[in-house]
Amino acid sequence: MVETSKYQNRIELLQGTLDMLVLHALQREPMHGYAIAQVIRNRSGEVLTVETGSLYPALHRLERQKWVKSEWKLTESKQRAKYYQLTALGKKQLTADHQRWQRLVRAIGAVMEPGVQP
């Protein structure tokens, strides 16, 4: 009998995919880290769970690249939190990442489904 693990159904994201998902989550409005993780989890039907150990390094990396900027604000519950906002450079990066992602999905689909053109 195979032992069930909480990581059994875990889906590993391709390198760079987390950055794209974070940028996409920030498209509509600035958010703090927990809200970003919730958006990704909810929109993926709870398939994708972003752990804090992955999310915050990604946010810091995106900030260094000037794709997001941040500022401290109070949450609805009056807690102090860092809110992240997409920059103009981040919007351009998201567009480029999304186009690459679409090409990758088509290419993988062509390999997995013979006869489908990428």
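**Around helix α1**

The buried residues of α1 are covered by elements that include β1 (31-32), α2 (33-43), α3 (52-64), β2 (68-74), β3 (80-86) and α4 (88-112). Please keep in mind that this is a predicted model.

How much of α1 is covered? The buried ones are T17, L18, D19, M20, V22, L23 and A25.

Take L23, which lies in helix α1. Its relative accessible area is 0%, and therefore L23 counts as buried. Setting aside residues up to four places away in sequence, L23 touches L62, W67, V68, L86, G90, Q93, L94 and D97. Y84 is 61 residues away from L23 along the chain, yet their C-alpha atoms are separated by 9.7 Å.

Next, V22. Which residues does V22 contact, leaving aside its neighbours within four places in sequence? They are I36, I40, L55, L59 and L62.

In soluble globular proteins, nonpolar side chains tend to be buried together. Here the largest nonpolar core has 23 residues, and V22, L23, L26, M31, I36 and L55 are those with the most contacts inside it. Two or more residues of this core come from each of α1, α2, α3 and β3.

Now the sheet. Three strands form an open sheet, ordered β1-β3-β2, with antiparallel pairing. β1 and β2 stand at the edges and have a single partner strand each, so one side of each is left without a neighbour in the sheet. The antiparallel pairing of β1 with β3 runs over 2 bridges. M31 stands opposite Y84 in β3. M31 was also on the list of residues with the most contacts inside the core.

Which element gives the largest share of the lining of the second largest pocket? That is α1, with 5 residues. By type, the lining divides into 9 nonpolar residues, 4 polar and 1 charged.

Technical notes. Residues are numbered from 1 along each chain as its sequence is written. This is a predicted model: local features need pLDDT of at least 70, side-chain atom pairs count only at pLDDT 80 or more; totals for chains, interfaces and linings use all residues. Side-chain values use heavy atoms; hydrogens and water are left out. Buried means under 20% relative accessible area, exposed over 50%, partly exposed in between (1.4 Å probe, protein chains only). Helices (H or I, at least four residues) and strands (E, at least two) are DSSP runs, numbered from the N terminus. Contact means heavy atoms within 4.5 Å. Two strands pair if DSSP finds at least two bridges between them. A nonpolar core is a set of buried Ala, Val, Leu, Ile, Met, Phe, Trp, Tyr and Cys residues joined through side-chain atoms within 4.5 Å. Ala, Val, Leu, Ile, Met, Phe, Trp, Tyr, Cys and Pro count as nonpolar, Asp, Glu, Lys and Arg as charged, and the others, Gly among them, as polar.
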